Amino acid sequence: MRDPISILAVGVSCPGGTGPAALEAQWPSRRVSQITNPAITREVATIDLAAEPFNRWRMRPRLRRASPLSHHLIEAVAQILEARPDIDLSRVGLVGSFFIGCLVYSVRFYKGLTTDGRRFASPILFPETVVNTPLSHVVSELKIGGPVYSQTGDTSCWSTALRTAALWLANDDVEHVIVAGGEEFDPVFLDVMHSARWFGSRPEAGVSEGAGAVLLGKKSSQALAHITRIVDGFAFRNRAQAAKAADSLLAEFDPVIPVADTAANWTRRLAAKPLSGRMLSNCCGVPKFEAFTATCAWNTIRAVHSAEPRVVVPFLGLSQQMGAIEIFR
Amino acid sequence: MKSSNEVVVTGWGCVSPLGGNTESTWSRLVAGEGVRAPITCIPVEGCRVTDGAEAVMPDLDWLPKKSISRLSRAARLALPAAQEAMADAGILDTNGRSIFPRLEMSLSTTANGMELGEEFLKGVWAGSFRHQTSRVSRYPAHQQVADLQQNLGFTGPAMVVSNACASGANAIGHAADLVRGGFADIVLAGGFEALCELVYCGFDCLQALAPDQCRPFDTNRRGLMLGEGAAFLVIESAVHAAARGAKVKGRIVGYGHATDTHHITQPDPTGAPLETCIRRALVQASLQPADIGHINAHGTGTPFNDSAEAAAFARVFTGNPAPRLVSTKAAIGHTLGAAGTLEAVFSLLALETRRIPPQIHTSDPIPEVAGWLARPGEVLEKPVVLSVNLGFGGSNAALLLAAA
């Protein structure tokens with residue numbers, strides 16, 4: 001990125017409720033069994049879309065059949081637009097970052113065609129399995145008129161999405177960009193996490209869902225905080241390479257700037273060494289649940305609202321890439 | 001153009017149903033050949049339509065056998081296309097590794113290594129633990145990113161855009177934006193898509209698949225044909241290309257993108273969002289519609305897409321000589337996340353060779369574009385080509401490509 005960008009507003013939808021304060025609330029959780037081995041249960045915190053305050057989107061015609069992910073995203077993005085009614089929606093871009101994507105309907109659609117027969121696959125479900133469908137619902141309902149990208153990757157794609165926003169702002173393609181990270185929960189993902197050994201060692205984090213969003217603009221005195229650096233592209237293929245990538249990533253930042261402790265999965269052990277020589281910040285709180293790109297968004301929002309005047313927030317991708325941002329208040 | 005950094009293309013490569021590399025694909029495409037055959041690489045029994053266009057899978061004999069067995073079908077398509085593009089641009093060393101240790105990528109796909117995800121789900125439902133780790137770890141798009149980086153010898157930032165069928169044009173446009181904005185000097189841009197059961201059955205259940213040949217812009221069009229493939233381009237700033245003595249093969253002069261909120265699977269019938277994209281690309285390129293000699297259309301062959309697209313073209317080019325129009329999807333099928341990248345390569349090849357692939361299988365064109373469709377042996381007479389893509393969710397994108 002060439003110039004700092006400003007975070008002008010934020011939005012949150014999480015199991016604790018809506019708005020940034022919900023991130024600090026006690027989240028309702030339950031134990032959910034893995035499918036392949038029901039004896040193994042994991043702690044899970046999910047959002048009840050039928051309950052207030054999440055249910056305000058349920059009766060919108062376009063959202064009646066939409067995926068949970070669509071609902072999480074629209075709630076987070078709507079909070080931003082409600083906080084900043086002054087911005088020109090025709091000049092707002094939207095970048096989404098997703099690790100899991102539309103998992104619930106993808107699993108349901110594939111289960112249907114493999115059990116009922118391919119001829120009976122559901123034409124209602126299929127469009128909702130497409131990765132960019134949730135953001136399409138969001139821009140349609142909220143009348144956002146700028147460019148839209150749905151970006152995928154491991155959790156580090158949050159920093160890649162922030163970089164896309166910085167690019168659009170630098171090129172004057174738009175006046176503002178909303179970057180949103182969101183995920184939805186399906187029990188099959190517990191088997192994914194288990195198979196890929198992503199839970200990590202005890203105390204293991206639970207799995208969660210929801211969305212977080214930030215409104216970005218060119219540097220402004222009205223900002224909640226500024227993003228002064230975005231560093232990404234530290235790739236790895238195995239855990240030995242991941243340790244080196246984490247070292248190299250953090251070496252990019254001034255060692256006097258505290259680093260937020262954001263590792264909530266197998267990367268916790270990985271992060272221990274490179275973080276040992278750094279001043280740590282607990283501005284993102286102790287990670288109890290992992291919601292992937294949504295967690296990255298929430299960690300960014302927590303850092304914005306923390307007392308730290310300057311902090312590095314790393315996004316230690318689960319399986320391929322790492323990135324980090326520097327936030328200045 | 002308005003930007004300070006001129007964006008050039010110095011290499012490209014592709015894998016398609018017509019061939020395992022650019023030369024074989026292009027020679028058959030301009031000869032008017034097409035592919036349509038029963039699908040054998042994935043299970044489609046029970047679907048209403050069971051034909052499509054499978055890619056010619058190149059040998060990956062430059063990779064260790066163990067590595068090949070671990071690759072998803074999408075990665076097997078992406079790797080040779082990327083290797084060809086990098087070799088064409090002269091950025092591979094004698095060992096087949098990138099001469100740039102850090103090389104940014106801008107990629108597109110919609111289904112990733114989906115067949116591995118499907119196998120994982122079947123395994124979960126069967127209570128099986130065998131091979132589940134390799135399946136789940138090789139499915140996501142970022143694993144195809146890792147396959148490219150590991151096997152072609154580089155690292156660096158990678159953006160994967162998944163904007164349905166417009167993703168490929170978005171990936172190239174994003175790469176051009178990165179160069180134009182000074183965020184990168186050189187970018188490997190590309191798209192890849194492998195046929196998979198979930199997506200095939202999805203289009204089948206929407207009754208969007210053509211029961212016979214795909215006939216873009218025909219009054220009797222009955223749907224699309226699914227295909228698979230990959231295409232990559234090396235995109236860099238003119239200054240960077242000149243500094244390393246690279247041959248400029250084409251230029252990216254304009255990019256426009258917009259979202260159509262009309263319906264989740266159907267475009268605005270007026271074509272207005274696509275028209276917006278094209279006009280944005282023209283403004284960025286400081287060009288007029290009359291400057292465009294050829295359009296590589298999205299042209300899926302579905303009733304809704306082609307009529308909306310034709311309406312947009314008719315408005316943009318009113319009062320101007322009609323550009324020569326082709327949808328290459330009639331020949332290679334709709335390759336979804338790879339479509340925009342394959343069609344950009346075909347557009348650049350048209351500029352380089354001055355040959356336009358003929359529109360095949362269309363005998364009774366719709367009125368808006370009657371007389372526009374390219375015939376066999378046509379020559380490109382103007383040095384600018386427009387390539388457009390539309391996707392589910394309303395993603396629209398337009399690229400303007402110019403001769404070197």
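**Chain B and its α3–α6 helix pair**

The axes of α3(B), residues 73–89, and α6(B), residues 141–152, cross at roughly 45 degrees and come within 10 Å. Axes are lines fitted to C-alpha atoms over the stretch in contact, with angles from 0 to 180 degrees between N-to-C directions. The crossing of α3(B) over α6(B) is right-handed (near helix turned clockwise from the far one by less than a right angle).

The model is predicted: local features need pLDDT of at least 70, side-chain atom pairs pLDDT 80 or more, while totals for chains, interfaces and linings use all residues. Residues are numbered from 1 along each chain, chains are lettered from A, and side-chain values use heavy atoms, without hydrogens or water.

Now the contact itself (heavy atoms within 4.5 Å). From α3(B) come A74(B), A75(B), A78(B), L79(B), A82(B), Q83(B) and M86(B). They meet Q144(B), D147(B), L148(B), N151(B) and L152(B) in α6(B). The residues of this contact divide into 8 nonpolar, 3 polar and 1 charged.

Step back to the whole chain. Chain B holds 13 helices and 12 strands (DSSP runs: H or I of at least four residues, E of at least two). Its C-alpha atoms fill a box of roughly 65 × 55 × 40 Å along the principal axes. Among contacts with a separation of 6 or more, 79% join residues 24 or more positions apart.

Conventions: Nonpolar A, V, L, I, M, F, W, Y, C, P; charged D, E, K, R; others polar.
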